[in-house]
Amino acid sequence: MGVISIMGGGFESNVHAVTKDGYHCVLIDCSRKNLIDTLARHCLIPEAVLLTHGHWDHIAGCAELLKHTDAKIYCGEGEDKFIFSEENKSIFGVNIPKFEIAGTFKDGEEIELCGMKIKVIATPGHTPHGVSYLIDDNLFTGDTLFKGSIGRSDFPGGDMDELVKSVKKLYALDGNYTVYCGHGLETTLDYERKNNMFVRA
Ligand SMILES: [Zn+2]
C-alpha cells in the first residue's frame, strides 16, 4: 500500500492519495483545484474522496473532481450538513458550491474501497462531525492532530473539550501508526503521544 501526499493546496492543506494497486486510489480530502492533472502525473484514478472535515481548504477541489471523474465523496455523519451551512460559509467567506455527498460514515464503521480496509474514527472538536481514517499502518487525522500540535477549536462549530477527547481517542489506539495530517508533515502516533505540546498520552 502506498501513500502519495500532494502538499501545498489552498491554505497549504494536504491531499493524501492512498493506493493498493498503484493505480486506483482513495483521496483523503480534496483541497486543491487542478488535482486531476497531479493525479494523472502519478497515473492515479480516484475512486473515492474521504473527507476528514468540511472546511473550505479541504473540500475546494470536490466540485471540479466530480465533473471529471466518477469518484464518490464521503464524510462523517452530520458533517454533510455542516459543509453547506451558513456557519461553515462564514469561516472562509466563500460561497461553497454544492457537490454531491454519496454517503456518510458512523464512528467505528469499517469500509472497503480500492481493495483496502478502512476504519472510520469519529474525531469531532475541530468541526462538529470530523473523522479520522485508519488504513493499514496509516492514520489520517485531518486537522485534529498535527505534528507537534492539534487543530484549532475556535472556528464556528469547534469545541476544545471535544477536540482534546478526540486526540486522546487516537492516542488510545493500539500500536504505532504513521500519521498523515491535514497540514504540514507527517509524524507518528508514538511521537505525538510523548512529545505533542498540547495533548500527551
Ligand atoms: Zn479545518
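The largest nonpolar core in this predicted model has 23 residues, and L27 and L51 touch the most other members. At least two residues of this core come from each of strand 2 (15-19), strand 3 (24-28), helix 1 (35-41), helix 2, helix 3 (62-68) and strand 5 (72-76). There is also a second, separate core, with 18 residues, among them I28, Y74, Y133 and I135.

Let me stay with L51 for a moment. What is L51 in contact with, leaving aside its neighbours within four places in sequence? The list is D29, C30, H58, I59, C62, I73, Y74, C75, I83, F99, V131 and Y133.

Next, the metal site. The zinc ion is coordinated by H53 through NE2, H55 through ND1, H126 through NE2 and D143 through OD, at 2.1 to 2.4 Å. The angles subtended by the four donor atoms run from 87 to 168°, which makes the arrangement irregular. For tetrahedral, all angles would have to lie between 85 and 135 degrees.

In sequence, the donor spacing reads H-x1-H-x70-H-x16-D. H55 sits in the loop between strand 4 (45-50) and helix 2 (56-59), and H126 in the loop between strand 8 (116-122) and strand 9 (131-135), so this pair ties together parts that are 71 residues apart in sequence. Are H55 and H126 buried or exposed? Both H55 and H126 are buried.

Now the chain as a whole. It contains seven helices and 14 strands. The radius of gyration is 15 Å, close to the 17 Å from the globule rule for 201 residues, so the chain is as compact as a globular protein of that length. Along the principal axes, the C-alpha trace spans about 45 × 40 × 30 Å. Of the 201 residues, 52% count as buried. Among contacts with a separation of 6 or more, 57% are between residues 24 or more positions apart.

V167 is in helix 6, residues 160-171, and is buried, with a relative accessible area of 0%. Not counting residues up to four places away in sequence, V167 touches T144, L145, I150 and V199. How far apart in space are V167 and A201? The C-alpha to C-alpha distance is 9.0 Å, and the two are 34 residues apart in sequence.

Terms used:
Residues are numbered from 1 along each chain as its sequence is written. This is a predicted model: local features need pLDDT of at least 70, side-chain atom pairs count only at pLDDT 80 or more; totals for chains, interfaces and linings use all residues. Side-chain values use heavy atoms; hydrogens and water are left out. Donors are N, O and S atoms within 2.8 Å of the metal (3.2 Å for Na, K and Ca); water is not among the atoms, so sites may look incomplete. Four donors count as tetrahedral if all angles lie between 85 and 135 degrees; four count as square planar and six as octahedral if opposite donors are over 155 degrees apart and all others between 65 and 115; anything else is irregular. Helices (H or I, at least four residues) and strands (E, at least two) are DSSP runs, numbered from the N terminus. Buried means under 20% relative accessible area, exposed over 50%, partly exposed in between (1.4 Å probe, protein chains only). The radius of gyration is taken over C-alpha atoms; the globule rule is 2.2 Å times the number of residues to the power 0.38. Contact means heavy atoms within 4.5 Å. A nonpolar core is a set of buried Ala, Val, Leu, Ile, Met, Phe, Trp, Tyr and Cys residues joined through side-chain atoms within 4.5 Å.
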